[in-house]
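Welcome! Let us take a friendly walk through one protein structure and look at how its side chains meet.

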Amino acid sequence: MAASSASACLLHPHLKTFLIISLLVFVLPVHGLKPPIRPRDILPLLPRQLSWPILNYLHSAVDILPTFVGSASSNGTVEWKGTCFHETKAWMEFNNKSRSEFGGGILHIKVSKAHSWTCMDLYVFATPYQVTWDYYFFSREHTIEFDAWEEKAEFEYVKNKGVSIFLMQAGMLGSLQALWDVFPLFTNTGWGEHANIGFLKKHMGASFEQRPQPWVTNVSADDIHSGDFLAISKIRGRWGGFETLEKWVTGSYAGHSAVCLRDSEGKLWVGESGHRNEKGDDVIVILPWDDWWEDILTQDDSNSHIALLPLHPDIRAKFNETSAWEYARSMEGKPYGYHNMIFSWIDTLDGNYPPPLDAHVVASVMTVWNQMRPEYASNLWNEALNKRLGTQDLALPEILVETEKRGSSFDELLTIPEQDDWIYTDGKSTSCVVFILEMYKEAGLFGSVGSSIQVTEFTIKDAYSLKFFENNLSRLPKWCNEGDNVQLPYCQIKGKYRMELPEYNTLDPYPHMNERCPSLPPRYMRSASC
């Protein structure tokens, strides 16, 4: 009994910790004192089984993205509230300590009034030519030195526009936790699949309801016709992670697509932009249906979910197979359309960026990529940005400077609609869905408004929202959704989870369609006739 009484007086270590935190956080503030710590500041120090569920609740993969707080130039002081320090201000001082042609400068950052004794603020600083970072733990004035501006253009840009400042709102530990959350999105594991599903549930409101087995349909190719659309969603591996982020920013519930074609002899083929060839390049291919389907079932390790969207009979009657084949053959073997991929997403100044994304963050990410992999930067956006400026061969820093010289802004530049007839150094640039919609244009599905529609502005959601598809469940193939207790308006032919396609088959084409559309999660509401 004595032993029992003694042990009853001993607190469990976790309970001790909880009581100490409660005292510091709830009791001290009552008496007007600044709490020395906040729970989230010391959570990583607690046992993993206690701290990680709370950290996962407080932070997510999105927290790895910085938030633009302002630009510091010689024109004045910029002020904001940090995550740790309630009062933060910054200003730029130019000098020529390096005795270089254009001199350098010092960025001053003064922080004060921290919310606790253990917090810190983490920042990223960027110009069109360079990116750096720092963190602040003490209330005082800090400095970032730029020894020398790389060229006159950088000096002029910073003098007029300033150094862009980004706050990592999750702080050091939260950002590391977010990085830990981002990493599994791209892993080809069950952990990765769970991470992708969790991200899409949390940030898009996706449901991922499990379907009854079998999860692969016994498809009869005889029921598939030219122009039928294949919506594809990958939820693990490199492409699974990429598609998850694409879905989040665009509102598309599919991340890839392909199209069916029958030749003059009745053989069924699949046209696809973004198929990996033997050299490891992503190109446009036209494959026999049997080969494509076999590859999906045996070689695809991304756990792809696939839905067949049959064309409506009236739309199918308009589909000119000869023109469609001519277009497909003209594009076969050409590279995937990376050039204009991001521009189908960005249509507005501020209505397409899920927080904390904005045009400043996009510019800073582009700047980092431009320094790390300049050849990729050129392929992904430099050439497309040059098209919008009417210039040639300008690198990203020069593009940003030229945009500022013209009295415009980078966020305005990003919203200029892509043109279907733009020719890049490697030919016409078509992503997976643009390849299909260009074929639809050539086949006559857009009718008289086709010449006033730029399908390079369409996302995958924009494509499956077109009122082109079957709307009568009785006309769907008998094997369509066989065994499922939910009747979808399309045929899901592969996947453990039921595919959702919000706003499916709802919009008639109209001039300048999808050139000015917002797309903010989680509802992704679009304005009328945008």
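Let us begin with one arginine: Arg 406 is partly exposed, with a relative accessible area of 44%. Its partner is Glu 402, and the two form a salt bridge whose closest N and O atoms are 2.8 Å apart. Glu 402 is partly exposed as well, at a relative accessible area of 21%. Please keep in mind that this is a predicted model.

### Pairs of opposite charge

Why can such pairs form? Side chains of opposite charge can pair when their charged atoms come close. In the structure there are 18 salt bridges.

Another salt bridge brings together the side chains of Asp 420 and Lys 441, at 2.9 Å from N to O. This pair links distant parts of the chain, 21 residues apart: Asp 420 is in the loop between helix H15 (410–414) and strand E14 (423–424), while Lys 441 belongs to helix H16 (residues 432–442). Asp 420 is buried, with a relative accessible area of 7%, whereas Lys 441 counts as partly exposed at 22%.

Glu 438 and Lys 428 form a salt bridge, with 3.9 Å between the closest N and O atoms. Glu 438 lies in helix H16 and Lys 428 in strand E15 (residues 427–428), so the pair ties together parts that are 10 residues apart in sequence. Is Glu 438 buried or exposed? With a relative accessibility of 3%, Glu 438 counts as buried. Lys 428, in contrast, is partly exposed at 26%.

Salt bridges can also share partners. Here, Glu 209, Arg 211, Asp 484 and Arg 498 are joined in this way into one network.

| Salt bridge | Closest N and O atoms |
|---|---|
| Arg 406 and Glu 402 | 2.8 Å |
| Glu 438 and Lys 428 | 3.9 Å |

### Rings that meet

Now for the aromatic side chains. A pair of aromatic rings is described by the distance of the centres and the angle of the planes. A search of the whole structure turns up 26 aromatic pairs.

Why is the pair of Trp 292 and Trp 293 stacked? Their ring centres are 6.5 Å apart and their planes are at 20°, so the pair counts as stacked; the angle is under the 30 degrees used as the limit for stacking. Trp 292 is buried, with a relative accessible area of 2%, and Trp 293 is buried too, with 11%.

A pair of tyrosines shows another arrangement. Tyr 336 and Tyr 338 are edge-to-face, with 4.7 Å from centre to centre and 65° between the planes. Both of these tyrosines are buried.

Rings can also be connected into a group. Which residues do ring pairs link into a cluster? They are Phe 319, Tyr 440, Phe 446, Phe 458 and Phe 468.

### Charges over rings

Charged side chains and rings can be found together as well. The charged end of Arg 388 sits over the ring of Phe 343, at 3.8 Å from the ring centre.

Finally, have a look at the backbone. Most residues other than glycine have a negative phi, and most peptide bonds are trans. With that in mind, a few places are worth a visit.

The peptide bond from Gln 213 to Pro 214 is cis, with omega near 5°. You can find Pro 214 in the loop between helix H7 (190–204) and strand E9 (229–233). The bond from Pro 521 to Pro 522 is cis as well, with omega near 5°, and Pro 522 lies in the segment after strand E16 (491–494).

Next come two residues with positive phi. Arg 99, which is not a glycine, has a phi near 55°. Arg 99 is placed in the loop between strand E3 (85–95) and strand E4 (104–114), where this residue is exposed, with a relative accessible area of 75%. Asn 481 is not a glycine either, yet its phi is positive, at about 60°. The loop between helix H17 (460–465) and E16 holds Asn 481, and here the residue is buried, with a relative accessible area of 2%.

Note on methods. Residues numbered from 1 in each chain as written. Predicted model: local features only at pLDDT ≥ 70, side-chain atom pairs only at ≥ 80, totals over all residues. Heavy atoms only, no water. Salt bridge = Lys/Arg side-chain N within 4 Å of Asp/Glu carboxyl O. Buried < 20%, exposed > 50% of the residue type's maximum accessible area, 1.4 Å probe, protein only. Helix = DSSP H or I, 4+ residues; strand = E, 2+ residues; numbered from the N terminus. Phe/Tyr/Trp six-rings, centres within 6.5 Å; stacked < 30°, edge-to-face > 60°. Lys NZ or Arg CZ within 6 Å of the ring centre and 35° of its normal.
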